[in-house]
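This report looks at how some residues are placed inside the fold and on its surface. The sequence and model are shown first.

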Amino acid sequence: IAGLPDSPEDERLVREAVERLGLGDRVEVHARWVTDREKSDWMADCLACAYLPLDEDSYGYVTLEAYQARKPVITLTDSGAGVLSLVLDGETGWVADPDAHALAEAFDRAAGARDRAHDLGTAGQERVLTLGVSWDRVVEELTR
């Protein structure tokens, strides 16, 4: 789990959950600004990336960075139109209902598709290109 938390309380809650659930040997919390080099290294070693936004409707840099690294994305049905225009269940990643059991099933689906993960990530990268997601397009849309 990486990135600046919205508040010290959020960081505390995440760290307590990791401890309470006995996940300290499998979950690292990096509650700080993460460098591009770190993200690149982590992306290289992962099967898929989870992007689980809260009260946000954008594509999310995590989604774009994952696809740039040809990694599929796991997200939720309530992640917003931006994310859901990129993450297509079974095509560019996995989309789960916003509850713990459904999310766990999505992670299981990802683990069971290790041989397809690169292909899904590549399809995600192609989707970004097809939709024309770029800073040039953002600037163009904002200055119309």
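Which residues make a nonpolar surface patch of about 510 Å²?

## Basis of the model

This is a predicted model, in which local features need pLDDT of at least 70 and side-chain atom pairs count only at pLDDT 80 or more, while totals for chains, interfaces and linings use all residues. Residues are numbered from 1 along each chain as its sequence is written, and side-chain values use heavy atoms, with hydrogens and water left out.

## Surface patch

The patch is made by Tyr 61, Trp 135, Val 138 and Leu 142, and helix 7 (residues 135–142) gives the most to it, with 3 residues. Trp 135 is located in helix 7 and counts as exposed because its relative accessibility is 58%, exposed being over 50% and buried under 20% relative accessible area, with partly exposed in between (1.4 Å probe, protein chains only).

## Buried Thr 75

Thr 75, in strand 2 (residues 73–76), counts as buried because its relative accessibility is 0%. A polar atom of the Thr 75 side chain lies 2.6 Å from the backbone oxygen of Tyr 51, and a polar contact of 2.6 Å joins the side chains of Thr 75 and Ser 79; such a contact is a pair of N or O atoms within 3.5 Å, where within protein one must be able to donate a hydrogen and the other to accept it, and residues adjacent in sequence count only if both atoms are side-chain atoms.

Conventions
Helix = DSSP H or I, 4+ residues; strand = E, 2+ residues; numbered from the N terminus. Patch = residues over 30% accessible without salt bridge, like charges linked within 9 Å, V, L, I, M, F, W, Y side chains within 5 Å. Areas by Shrake-Rupley, 256 points an atom, 1.4 Å probe, with all protein chains shown as cover. Salt bridge = Lys/Arg side-chain N within 4 Å of Asp/Glu carboxyl O.
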